[in-house]
Amino acid sequence: MTRLLLLLLLLISQSSQDGAQEGVLDCEPQNLTLSGSGQTLWVTWDEDPSCSAAAAPLSYRLTLFREEQQVEEANVSAGPDRVGSGQSWEWKSKLPVDCASHSVRIRSWLNDRLSSWERRRTRPGRNSSKNEEIFPQDAVLAVGSEATFCCLLPEGNRVENMSLRNYNSSNLRTTRISDQRFSLTLRLETVGNHVDVKCRDSDGGDYGASVYIGYPPDDRDLRCETRDLESAECSWKKGRDTNLQLKSSTKYQFNGSLYERPCKDGICSLKKKLKVDSGEKIWTLTAENKLGNVELRDSADLMTRIYLLAPEGLSASQVNSRNISLRWNWTLQRYRDLNLTCQVKVQHGDRTSTTEHFGLGLSSAVLMGLIPNWEYDVKVRCGTAQHFWKWGDWSRDETFRTKGDVPDVLDVWMQKKENQVVILWKELLDTQRHGDISGYQVSWKTGADMNQTSDVHNVSLSLDTGRQHAVNVSAWNQYGRSAPSAIIVPGLGPGETAVKTSQVTGRDRVLNLSWSGSPAASCGYVVDWSPAVRLGPVDWLKVPPNETTASLPNNTLEGGVRYSVSIFACTDGAPVLLEKRDAYIRETQIEDGLFRGMTSRQQDSDAVVSWLPVPLREQSAFITGYVLEYRSDSGKVFTVSTDDPEATTLTAKHLEVGTYSFTLAALTAVGRGGNTTISATLNPPTPTLIFVSLGVVFVSLLLVLFLCYRYWACIKQKVYPPIPKPVMSNLLFSSPVKSCAGFVHPELSDPSLEVMDVLQLHLKAGTPESGYVNQEDVSLTCPQTHNGYYNGTSPLSGVLLSPFRGEIPNLSYNPTTETRDQLGGLNVSCGYKPQSSVETSGQNQDQDQDQDQDKDQNQDQNKDRQDLGIVCISDYILAPQLSSF
């Protein structure tokens, strides 16, 4: 029973649902159609009139099939005003619609109730019963879009593959639709003239289609103006190239009028006749091709946009040496009523200058400050002055030559060389000659006016070095003589202040100089330079008073060459030398083999390497020092260096015995240079050297002995003069020498005897060194005798004298005289020898003469003793021992 009840309820529910669906059929779509072209499908249908009574919004659901596979589903709403009228839907396919069959079905949707499906409509694809085909053919596509190509084969044939030619793409995919249909899809990333799509079938056939890739129009910046005041000329930029000139060229419409190809070589312009007067006007330009279009607009008052045409009939009406008058014409009468500003461009050689002139309908101008005897090219263009829009076109060029004139003033300088002065001047440029130079004149005063002519650019003068001289230089040509250039030459005397020289090097091939300002520089400064070590041109540069820097022109300087640079203060009088420089615009590596006369000598265990001073002409950089590298046989390398650029020796110390290689190099800012190598062997000390040393000592001693022998008499006289021999005077009371005070030892005295005076000894030079004294050599003189005592003399011979103490024996008494020589602490004894009366009387005459000579000789000897510090001291004299009378 329960089962029957459930079955009845199920049947009732099913019947209710079917009834609801059948109720919507009252408003289902009618007359469904499907059409297509290219890659677009259009679906159309009609509404049932009963749908107009529906209160709720009405919608439609469409389903699209390709080759019986669903590819799209869409909902389309019908507005209240469209209910009861025809409806449509458009769909863009990625695949050409001819490549495959497409079907569509539709039903209504109202209040969540759906009608039944309208009968499906189908658009079949193209059948190819005879020929192979690819769609689309000759398509025009935009860069960046995605394109799909379809290959269609006849029945019984089969597609093998599809490919591209003339195009590389990584975004490429192929799809098999059926045995006879195949598709290829890619993204068009680059521009090309065209791309070929190829299809290969199972029989080996190869066929295809072409596609053109480009851009829509990209024209921009429309501007309109007038030139002839009777029409508007509009121009614009074409922008990016569409790349579709062969397949889909761009068409233009200007203010509703169609123009074909108004662009040529990237320049686009159109001209339209109209009345030009005050007031704003609007212009519209449209550019279009198969990929799109662009519209440009512009508006303006053309009276503010006048682009003048070029002047006509330009000519030089009056030509002078330094100015000319120009004239031109306007072909349009209305230009003469405009306020104009005109540019005149003057060109000579590689120089160009421009001047501006103003006036109503301007048609002439005067040019000033021209170079005499010079050829010029001139041209003119103009624009409106009140509302300047742009410069007009240039006129044609007009060529003319100015008249000649006297030369310009010379640039003069001087150099002092010993007792001469070289006056120099720079050669006049072509723009300064104003004609052919015939010569130069140099004038000065030396008490009278002096002058000298020259056809070169310097002259040497011999001037008085004691005073300044004013020298004038002028040039002349066929038109006359230039104004003189004056320079004052300072005196060349020794009173000039010495200026120290410093060093400077250029940087980046430019030699920059700076110096301290001088209050004396009333007219600025002068910098001159010339090669320091070889003959070369002298050049100079004049600097204004407020500047203390200068850059020497690098076209006058050569790398690796030392230049002597001088900086002078320009004064009302003679130039004053301020500073000097040794300069390189660029230091270069010094070449090897720099050092001349490089030698090595051994000094004990050291090696002294010497070389000749390096000439300046071989120094391509400033030398800051030297380095000596020496290598032994064992391969060890040592170095010794100096930072003295004037050095000519370096010593390698404490070397071992062996052979060494010495390499000398100069140190510079650009590295070592001038490498020079020699080899030397260091030997150990040998007996030969010892013998040589001993030989030198022996020869030195022989030389000393020889000199002592040769000059012995002089040396003996000075060091150890001879002791004079004693001489007895026969006149005791008239001794020629100073008497000595008497002294008798107390122990030897006899009270019965009278005291006698002390005997005085006279010594003669030439006493034998053996210590023996002959009778002729010694005499005793008694200067005084008490109470008539007479002391006789007796001859003695062969008496031995001791070198320290000498005694002279006497037959009746033995007096002794003792002296001490204080030189060297030696005691010298003077012996006493009496003389007989016979000998005395026989020799009286001779002794008188001898005494005179001995007196002089003793005086000299005493003087010599005093000079030498030798003193003879008489110690004592013994009293005589008398045996009998």
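Arginine 105 is placed over the face of tryptophan 117, at 4.0 Å from the ring centre; a charge is taken to sit over a ring if NZ of Lys or CZ of Arg is within 6 Å of the ring centre and within 35 degrees of the ring normal. Arginine 227 likewise lies over the face of tyrosine 307, at 3.6 Å from the ring centre. The model is predicted, so that local features need pLDDT of at least 70 and side-chain atom pairs count only at pLDDT 80 or more, while totals for chains, interfaces and linings use all residues. Residues are numbered from 1 along each chain as its sequence is written, and side-chain values use heavy atoms, with hydrogens and water left out.

Aromatic pairs were assigned to rings of Phe, Tyr and Trp (its six-membered ring) with centres within 6.5 Å, planes under 30 degrees apart being stacked, over 60 edge-to-face and the rest tilted. The count by this rule is 16 aromatic pairs. Between tryptophan 236 and tyrosine 252 the ring centres are 5.5 Å apart and the planes stand at 45°, so this pair is tilted. Tryptophan 236 belongs to strand β18 (residues 231–237) and tyrosine 252 to strand β19 (residues 251–254), so the pair ties together parts 16 residues apart in sequence. Strands (E, at least two residues) and helices (H or I, at least four residues) are DSSP runs, numbered from the N terminus. Tryptophan 236 and tyrosine 252 are both buried, where buried means under 20% relative accessible area, exposed over 50% and partly exposed in between (1.4 Å probe, protein chains only).

Tyrosine 584 and phenylalanine 622 make an edge-to-face pair, with 4.7 Å centre to centre and 85° between the planes. Because tyrosine 584 is in strand β46 (residues 576–584) and phenylalanine 622 in the loop between β48 (606–610) and β49 (625–632), the pair ties together parts that are 38 residues apart in sequence. Tyrosine 584 is buried, at a relative accessible area of 0%, and phenylalanine 622 also counts as buried, at 5% relative accessibility. One aromatic cluster is formed by Tyr630, Phe638, Tyr660 and Phe662.

An open sheet of 3 strands has the order β1-β2-β5, with antiparallel pairing; two strands pair if DSSP finds at least two bridges between them. β1 (30–37) and β5 (86–92) are at the edges with a single partner strand each, so one side of each is left without a neighbour in the sheet. From one strand to the next the twist averages 15°, with axes taken as lines fitted to C-alpha atoms (for helices over the stretch in contact) and angles running from 0 to 180 degrees between N-to-C directions. The antiparallel pairing of β1 with strand β2 (residues 40–46) extends over 6 bridges, and glutamine 30 stands opposite aspartate 46 in β2.

In strand β15 (residues 195–201), 5 of the 7 residues are buried. Strand β12 (residues 159–165) runs antiparallel to β15 and is joined to it by 6 bridges, with methionine 162 opposite cysteine 199 in β15. A further antiparallel pairing, also of 6 bridges, joins β15 to strand β16 (residues 206–214), where valine 197 stands opposite alanine 209 in β16. β15 and β16 form a hairpin with 4 residues between them, and glycine 204 in the turn has a positive phi of about 90°.

Glutamate 312 is located in strand β25 (residues 312–319) and counts as partly exposed at 42% relative accessibility. Its contacts (heavy atoms within 4.5 Å) include Trp328, Asn329 and Thr331, when residues up to four places away in sequence are not counted.
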